[in-house]
Amino acid sequence: MADYLPTEPYRGTRDFLPAEMSTRQQVFHRLYEVIESFGYQRYDGPQLEPVEIYEAKSSQEIVEQQLYTLTDQGGRRLALRPEMTPSVARIIAGNMGGLTFPVRWYSHPNCHRYERPQKGRVREHWQINVDLFGSTSSAVEIEFVELIHAMMHALGASRDMYRIRMSDRVLLDGVFREILGLDDEQARATAGLIDRWEKSTREQLAADAHAAGLTDKQFERLGEVVTAGEGVLDMLSEQTRERSKLIEVLNTEARELIEVDPLIVRGFDYYTSTVFEVFDTNPENRRSLFGGGRYDNLVGLYSPKEVSGFGFGMGDVTLFDFLRTHGLLPEPDNRVDVVVLPTEDALFDAARQAASRLRAAGLRTTTPLEVRKLGKEIGRADKAGARAVVIVGPDDWSTGHVTVRDLSTGEQQPTTLDGLAETVAPITR
């Protein structure tokens, strides 16, 4: 027996057949339109980047466990990009002289991480990234909150289907220093502990806290902090509160659009202030969908000039889980509109002329590659989702006509080549 190559994709990656691809493209197109309506422009960058840009500021988990790395023939250590933020910071720094700030950019990169495949996690995903560079104003945070709500609305989501939960690294540092009295090493370990708070048992959290050097009293106090919600703000000094972008946001009408949540930490080392995550509220999919925040030091890896940044990445896996859970996935729309059928070989050129007229009018049009029985070809067109067929026969064509058939009613009518698109268009709507 012959040994055939496997037909399954590499574990953690996916094939997208036309029907699914149609649904995905509809979703992404809606999001692109909203993002661009806020003035963001699309860019892209390479999939291969130097490993160092992730070692400098990405999370330890990504660097130590999830990078796909290689060494090129020149001995350079490279990685398939696991995320886009370090790349966009590099691009901004490298083109700073030609940019007018603030810069509003977005992208839709293909990213790779060596994850353990499970619900919501794969090894290859697509992620819509939206970033703004060049402003320290809290108006940036407000704009992003409004943008996210607009994007979710464009997908058909109502406000009760999701929540924007927001925190601030400045406030978190205040918690570690003022309330818990932690040193830098303990603070870093405790940030990871908070990030796992809703996913771990109390016993496991206590054990992890002990391993990080926290006393029982500090762990008890930590529990009070992470469950305090907006009340955590009253536990902190005025000096810490004054440095927080989140506090500035809460002093505007935007406070009605978010929830203050000390549990929002975000695992990336480059975040410096506001951080947020968008959560699904459905009990069947109660999880984080995507998130982001402010990073004011990342461009400084590449340039002496400081440029503030704020952004988020919306991954396709959790996004489509959300849409599926709430019944918001659009139906595939990858049908053809019209099929032009020549009844004999000599009429293929005539059929191509007719098809060209229809395509020029914006109708998705195909022609067969060889002549078959007309009844079978009409059946094939119907299965392909066509609303109409155009029959090119010798008698009609000799007088400059073709026959248009409405596949939903079976009605037929002759028309000229010049009037073809006008005749067919109403049938395909």
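Is Arg335 buried or exposed? With a relative accessibility of 19%, Arg335 counts as buried (buried means under 20% relative accessible area, exposed over 50%, partly exposed in between, with a 1.4 Å probe and protein chains only).

The model is predicted: local features need pLDDT of at least 70, side-chain atom pairs count only at pLDDT 80 or more, and totals for chains, interfaces and linings use all residues. Residues are numbered from 1 along each chain as its sequence is written, and side-chain values use heavy atoms, leaving out hydrogens and water.

Asp333 is partly exposed, at 35%.

Next, select Arg104 and Glu143, a salt bridge whose closest N and O atoms are 2.9 Å apart. Arg104 lies in strand β5 (residues 103–107) and Glu143 in helix α5 (residues 139–154), so the pair ties together parts 39 residues apart in sequence (helices are DSSP runs of H or I with at least four residues, strands runs of E with at least two, numbered from the N terminus). Arg104 is partly exposed at 26%, whereas Glu143 is buried at 16%.

Then select Asp261 and Arg165, whose side chains meet in a salt bridge of 2.5 Å, N to O. Asp261 sits in the loop between β9 (259–260) and β10 (274–280), and Arg165 in strand β8 (residues 162–168), 96 residues apart. Asp261 is buried at 10%, and Arg165 is buried at 12%.

How values were computed
A salt bridge is a side-chain nitrogen of Lys or Arg within 4 Å of a carboxyl oxygen of Asp or Glu.
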